[in-house]
Amino acid sequence: MTPGITVSDFGELPDGRMVSLFTIQSASGIEMRVTNYGGIIVSLTAPDRNGVQEDVVLGFSHLDAYLTASPYFGSIIGRCGNRIGKAEFSLDGETYHLAANTGENHLHGGITGFDKVLWNALPFSSGDDLGLVFTYTSPDGEEGYPGTLSVTVTYVLSATNQLSITYEATTDKATPVNLTHHSYFNLAGPLSDSILDHELMIPADHFTPIDSEFIPTGQIQSVQGTPMDFRSPISIGLRIDAEDQQIINGLGYDHNFVLTEQGTHLKLAARVFERQSGRIMEVTTTEPGIQFYAGNFLDGTLMGKAGRPYAHRSGFCLETQHFPDSPNQPTFPSIILRPGDVYSTRTVYSFSTNSDSR
Ligand code: GLA
């Protein structure tokens, strides 16, 4: 296939608006399909050690499934990734009530988060880089958040097997903002039913423990001697059902890791290796944290693109972010964006292979 971007129809929203599907073919052979509904990455290929391109993300073939049943497959997440306890927070002396969409709590931006809105999409190319610029204006009060938020999310696929996602936002009133991306990966390809044999490394000395509703307790806990220690590569499955209170609370891994290296430069946040295919994915980010979610809520009821149901733990997410529930946790880095400031973060997913299968 020649490198370039093509566009086709992906279906129609209940209100009659048409949804597009963009197919980006990179010079290196990676193909990514993205829709302007939720900015969702519908498919993304990566080469195995023999150069064979296979889809490494979970998703659906049709728009309808995304409208009704998606557990945030491949989408942009906002205004705030992960949970805000009791769906409320105080800012500058005022209490704000957000949409509660998981029990009493707020998850991934609410009932109609950024994963469920139609974005404006503009394809572009620059040298060998091919990409899409998504823009969306979130109105004042949307899902309970203060201020009109203007958001730009840019996807760039390079000829060196890298997917870069850049997030920018400005506001006209102070508001929390914590944007992320929610692809579920399985580097073994579309026929794999499990991610438990993937080896994961996260350079984090600490994580933020959660209560039984997945809300951070506010502590920053050492990973030392716990199943959360991914500082050396280790199989995801090895300790995922350990007798450990955090594993019990998370139903497996569903935790925010505090990257040891801090700063707003791009730094390594995770490295994943899948032995059979030889595929490696590295995540670098300007963010201070990363949520490792092991697909614990997948239960075999969603029918995937390849005509197979998505089994328990058949995909994992690595969501770069500020820490969950930050508006209610004074010890966590602030996620408040004020008028005149520019929110700006970047995350890069890099694909390569290791020829050694031992
Ligand atoms: C996340 C959360 C999980 C779950 C999934 C979506 O990443 O951390 O608890 O809500 O999204 O199913």
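Modeller: The lining of the largest pocket divides into 11 nonpolar, eight polar and five charged residues, where Ala, Val, Leu, Ile, Met, Phe, Trp, Tyr, Cys and Pro count as nonpolar, Asp, Glu, Lys and Arg as charged, and the others, Gly among them, as polar. This is a predicted model, in which local features need pLDDT of at least 70 and side-chain atom pairs count only at pLDDT 80 or more, while totals for chains, interfaces and linings use all residues. Residues are numbered from 1 along each chain as its sequence is written, and side-chain values use heavy atoms, with hydrogens and water left out.

The largest pocket is lined by 24 residues, and Pro71, Tyr72, Leu107, Tyr184 and Phe297 are those nearest its centre. A pocket is here an open set of points on a 1 Å grid over the protein atoms alone, where a 1.4 Å probe fits, with protein on both sides within 12 Å along at least five of seven lines; lining residues have an atom within 4 Å of a point. The volume of the largest pocket is about 400 Å³, taken as the space filled by probe spheres set on the points, which are joined across faces, edges and corners.

Helix H1 (63-69) and strand E24 (289-293) are the elements that give two or more residues to this lining. Such elements are DSSP runs numbered from the N terminus: helices are H or I of at least four residues, and strands are E of at least two. H1 gives the most to the lining of the largest pocket, with four residues.
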